[in-house]
Amino acid sequence: MTQETSQQDSITVSADAKAGRSSTTDFPSNVRVRFCPSPTGTPHVGMVRTALFNWAEARHTKGTFVFRIEDTDAARDSQESYEQIIDALRWLGLDWDEGIEVGGPDGPYRQSERTEIYKSVATKLLDAGYAYESFSTSEEIEARNLAAGRPKAFGYDGYDRTLTDEQKQAFRNEGRKPAIRIRMPEDDVAFDDLIRGEIVFKAGSVPDYVIVRPNGDPLYTLTNPVDDAMMRINVVLRGEDLLSSTPRQIVLYRALIELGIAQEMPLFGHMPYVMGEGKKKLSKRDPESNLFLHREHGFIPEGLLNYLALLGWSIGPDRDVFSMKELAEHFDIRDVKANPAHFDIDKAIAINAEHIRMLEPDDFLGRAIPYLHRDGVVSADSWDALTDRERNILQAAAPLIQPRVRLLSEVAGMAGSLLSTAEYLEPEADARKQLKATAGEVLEKAVATLEEVPEGEWHTDALHELLSKVLVEEGGYKPRLAFGPIRVAVSGRRVSPPLFESMEIIGKPVTLARLRSLQNNL
């Protein structure tokens with residue numbers, strides 16, 4: 001296989017991977033994948049995509065999806081973040097088979113509760129010679145690099161590999177405590193990435209690395225592979241940012257297999273970066289990255305997950321909208337492209353709109369009510385707690401509003417004028433700009449005409465026919481000039497639910513009051 005040298009001379013990536021071709025590696029018959037976030041902040045879209053692709057692969061292969069928490073960083077981990085991650089997965093509907101809150105045969109599923117396991121494994125690695133004690137300080141390593149003509153930040157030089165027992169004891173007598181490092185091999189480390197094809201890390205490019213700090217705290221470089229091994233994870237799907245740690249994990253896995261701790265070497269797949277504005281990697285701090293901001297803005301799980309699935313994967317040519325059931329049926333991590341994916345909020349909103357339109361009306365209303373309550377449009381945050389009037393209006397309005405909103409947060413703007421009993425709605429700025437010089441006379445004619453309509457005949461079709469006849473056919477106004485002022489009076493908005501249906505819903509007295517009020521406030 002021909003290879004091309006990547007930007008880092010120490011890594012080579014196959015030409016197949018560069019061309020974006022998927023891997024041909026066969027999967028195990030009993031796929032076990034995992035999602036293992038650290039509770040260090042608000043869930044973000046990159047984290048969610050990782051969870052989604054692991055969930056989809058597990059469901060596609062009828063495998064097992066394990067959810068565990070990597071919470072060994074006491075300075076950064078928080079209970080709030082832990083609870084937010086669980087909230088996020090449950091809201092999105094990404095269910096898991098083993099792990100946090102559901103249990104399983106390989107618990108506990110929080111690293112903070114597995115300290116003794118890591119100590120035991122580290123001791124076995126030391127005893128078997130796969131790891132060694134390292135007493136060098138960072139200052140000593142830098143000084144040796146400079147003395148050897150290497151850059152100061154070249155990295156660890158392997159100095160402690162051959163320390164004698166007497167030298168180790170001398171360091172201990174100074175009060176030093178050793179870190180524990182893994183011995184990296186003197187040959188290349190290669191693997192077939194499920195997304196990128198064959199990747200080779202050149203011999204000597206990855207220094208012996210620390211798995212346990214001098215204070216005894218285990219590092220990610222130990223805890224993550226050990227957990228994977230003991231939970232029998234055989235397909236590791238994670239972000240591209242972790243690609244550089246893969247040779248370390250492979251070398252450690254070889255030792256764990258020899259020690260009988262791991263059953264097999266897992267397959268690895270590294271998902272492409274998600275890029276934001278200006279072709280920069282989407283940061284956790286970018287508003288577009290914040291999962292809960294998207295929920296607050298009115299994304300529904302189906303729409304958001306559909307869009308996130310498109311960040312590197314496609315269900316087929318010229319098709320962007322699909323269900324989670326269809327995702328599970330068709331997803332294969334080997335079809336994910338290695339090229340960075342761009343987060344396009346406009347496309348995400350458009351896909352969300354499609355999924356909102358696919359909801360059953362009752363489901364749509366049930367999901368919209370918390371947003372309506374939040375925005376002060378209805379009296380309660382659940383259907384059963386609404387007043388009879390609110391329920392009646394929303395049931396009548398749902399077919400008018402559902403096709404016209406892209407986010408659930410937009411429902412309040414559409415439904416507010418229908419639920420309000422106010423006799424005057426101050427027009428929004430863009431709506432007032434639409435009012436032309438003829439608005440006053442149009443409103444006057446509309447009031448005079450509608451006053452004569454009996455309550456029993458106040459229906460959509462009759463209203464449409466009557467006002468079309470009086471204002472357009474007889475009055476000579478263009479439809480936009482005829483109906484625009486009426487729309488602004490009824491809704492206060494430039495864009496609203498269908499006008500005549502809205503007039504039927506709010507009724508004759510309120511409609512006439514709003515027409516007169518706008519006429520008096522032009």
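A residue counts as buried under 20% relative accessible area, as exposed over 50%, and as partly exposed in between. The model described here is predicted. The protein has 21 helices and 14 strands, and buried residues make up 51% of its 522 residues.

**Overall shape**
- The radius of gyration is 31 Å, whereas a compact globule of 522 residues would have one near 24 Å.
- Along the principal axes, the C-alpha atoms fill a box of roughly 105 × 50 × 45 Å.

**Salt bridges**
- The count of salt bridges comes to 37.
- One of them joins the side chains of Arg-232 and Asp-106, at 2.5 Å from N to O.
- This pair links distant parts of the chain, 126 residues apart: Arg-232 lies in the loop between α7 (220-230) and β11 (235-239), and Asp-106 in the loop between β5 (98-99) and α4 (115-127).
- Arg-232 counts as partly exposed because its relative accessibility is 28%, while Asp-106, at 13%, counts as buried.
- Glu-451 and Arg-516 form another salt bridge, with their closest N and O atoms 2.6 Å apart.
- Glu-451 sits in the loop between α17 (439-450) and α18, and Arg-516 in helix α21 (residues 508-520), 65 residues apart.
- Glu-451 is partly exposed at 38% relative accessible area, and Arg-516 is partly exposed at 34%.

**Negative surface patch**
- Asp-461, Glu-465, Glu-473 and Glu-504 gather in a patch of negative charge on the surface.
- Helix α18 (residues 460-474) gives the largest share of the patch, 3 residues.
- Glu-504 is found in helix α20 (residues 499-506) and counts as partly exposed, at 34% relative accessibility.

Terms used: Residues are numbered from 1 along each chain as its sequence is written. This is a predicted model: local features need pLDDT of at least 70, side-chain atom pairs count only at pLDDT 80 or more; totals for chains, interfaces and linings use all residues. Side-chain values use heavy atoms; hydrogens and water are left out. Patches are made of residues with over 30% relative accessible area and no salt bridge: like charges are joined within 9 Å, nonpolar side chains (Val, Leu, Ile, Met, Phe, Trp, Tyr) within 5 Å. Accessible areas come from the Shrake-Rupley method with a 1.4 Å probe; for residues, only the protein chains shown count as cover. A salt bridge is a side-chain nitrogen of Lys or Arg within 4 Å of a carboxyl oxygen of Asp or Glu. Lys and Arg count as positive and Asp and Glu as negative; His and the chain ends are not counted. The place of a charge is taken as NZ of Lys, CZ of Arg, CG of Asp or CD of Glu. Helices (H or I, at least four residues) and strands (E, at least two) are DSSP runs, numbered from the N terminus. Buried means under 20% relative accessible area, exposed over 50%, partly exposed in between (1.4 Å probe, protein chains only). The radius of gyration is taken over C-alpha atoms; the globule rule is 2.2 Å times the number of residues to the power 0.38.
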